[in-house]
Amino acid sequence: MARSGEVTSALLAIAREVTDDGALAALICRACVAGLDVDGAALSLLTASVARQTLHTTDATAELLEELQLTLNEGACIEAARTGSPVLVDDLRHPTELARWPAFTRAVLEQTPVRALLCLPLQWGSSNLGVLDLYRCEPGSLSDHQRGDALAAADTAALMMLTLRTDPGELDGHTASWLEPAVTNRAEIHQATGMVATQLGVDAADALARMRAHAFSHQRLLIDVSRDIVARRLDFTNERDS
C-alpha cells in the first residue's frame, strides 16, 4: 500500500457498521474532496464491464464526467479500469491528452470546467474492482504527499468495498475493523484458501485475494464461495491465468 495520510486515515476511521455500498462510496468520495486538492470525485465498480455501477458522484460535474466516459467508451477512467494502473492527467488541454482520448477530451473541455484528472483503480490482487475518479478545475498535479495519500486511499477503498460486499457485518460475533482478515476462526475459508492455493500454484494470500475477487464479481459472500470450493462445486483451475 502506498503512503498513508489524511485521507487514508479518514477512510479507516469510517465505522465498520456501514452496510450500504452507496453510502460507503459517498463517504470515500467526500473524504477525498475534503483531504486532497481536488474539486470533485466519483466511484464506480466493475468499470470496464457491462455490469458497471456508478455508486456515487459528489456533484453534477463528476456525474457528467462518468456519463461522458460511459457514452464514449474512452477517457482516463476507462483506461485506469482496463490497465489496472493509475492515470494522472495534469492538463487536459495538452496536445498529448487531446490525441489520447480525442472525443472524451473535447467533450470535457467544451462541457465542463475540468482541467486535470486523477483516476485510481481499486485494485485487489490481479482483479480491478472499479475506479476512484478525482478531478480538478485548475491544471496541475498534486503534491508528492497528496499523490501518495490518494494512492493509499484507493487501496483502502478497494479493501473496504471488497469487504463490504463479500463479508458484511460482524465476523464471528465481534465487530471487525476494515483491515481485519476475513478468515478469523472460519475453517471453511481456511480450507478453501488452501485448495485454491494448490489449484493455482500460488500462496495463501494470493489465493484468498482470488476468492474475494470472484465473490465480488459474482455478487456473492466469501463464505458461500468457500463452501462451494470445499464441496468441489467450484474449481479455480481454469482461472490460473486470469
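The legends below describe several close-up views of one predicted model.

Because the model is predicted, local features need pLDDT of at least 70 and side-chain atom pairs count only at pLDDT 80 or more, while totals for chains, interfaces and linings use all residues. Residues are numbered from 1 along each chain as its sequence is written, and side-chain values use heavy atoms, with hydrogens and water left out.

**Figure 1. Overall composition of the protein, with ten helices and five strands.** Helices (H or I, at least four residues) and strands (E, at least two) are DSSP runs, numbered from the N terminus. Of the 242 residues in the protein, 51% are buried, where buried means under 20% relative accessible area, exposed means over 50%, and partly exposed lies in between (1.4 Å probe, protein chains only). Among contacts between residues at least 6 apart in sequence, 63% join residues at least 24 apart; a contact here means heavy atoms within 4.5 Å.

**Figure 2. Strand β1 and its pairing with β2 and β5.** All six residues of β1 (40–45) are buried, with Gly40, Ala42 and Ser44 pointing one way from the strand and Ala41, Leu43 and Leu45 pointing the other way. Two strands are said to pair if DSSP finds at least two bridges between them. In the antiparallel sense, β1 pairs with strand β2 (residues 53–57) over four bridges and with β5 over six bridges. Ala42 has a bridge partner in each of these strands, namely Thr57 in β2 and Asp133 in β5, while Ser44 stands opposite Val131 in β5.

**Figure 3. The hairpin formed by β4 and β5.** Strand β4 (residues 116–124) runs antiparallel to β5, and the two pair over nine bridges. Two residues lie between these strands, and Gly125 in the turn has a positive phi of about 60 degrees. Trp124 stands opposite Ser127 in β5.

**Figure 4. The largest cavity and the residues that line it.** The structure holds one cavity of 30 Å³ or more, and about 50 Å³ of space lies in the largest cavity. A cavity is a set of points, on a 1 Å grid over the protein atoms alone, where a 1.4 Å probe fits but cannot get out, and lining residues have an atom within 4 Å of a point. Grid points are joined across faces, edges and corners, and a volume is the space filled by probe spheres set on the points. Among the lining residues are Gly40, Ala62, Leu65, Glu66, Leu117, Asp133 and Tyr135. The lining divides into seven nonpolar, two polar and two charged residues, where Ala, Val, Leu, Ile, Met, Phe, Trp, Tyr, Cys and Pro count as nonpolar, Asp, Glu, Lys and Arg as charged, and the others, Gly among them, as polar.

**Figure 5. The largest nonpolar core, with 35 residues.** A nonpolar core is a set of buried Ala, Val, Leu, Ile, Met, Phe, Trp, Tyr and Cys residues joined through side-chain atoms within 4.5 Å. Within the largest core, Leu24, Leu43, Leu122 and Leu134 touch the most other members. The elements that give two or more residues to this core are α1 (6–12), α2 (21–35), β1, β4, β5 and α7 (144–166), and its largest share, nine residues, comes from α7. Leaving aside its neighbours within four places in sequence, Leu24 is in contact with Ile14, Val18, Met160, Met161, Leu164 and Trp178. Another core, of 20 residues, lies apart from this one and includes Ala81, Val87, Val89 and Leu92.

**Figure 6. Gln219 and Arg232, two residues other than glycine with positive phi.** Most residues other than glycine have a negative phi. Gln219, in the loop between α9 (204–217) and α10 (222–230), has a positive phi of about 55 degrees, and this residue is exposed, with a relative accessible area of 61%. Arg232, found in the segment after α10, has a positive phi of about 65 degrees and is likewise exposed, with a relative accessible area of 69%.

Key: On a 1 Å grid over the protein atoms alone, a cavity is a set of points where a 1.4 Å probe fits but cannot get out, and a pocket is an open set with protein on both sides within 12 Å along at least five of seven lines; lining residues have an atom within 4 Å of a point.
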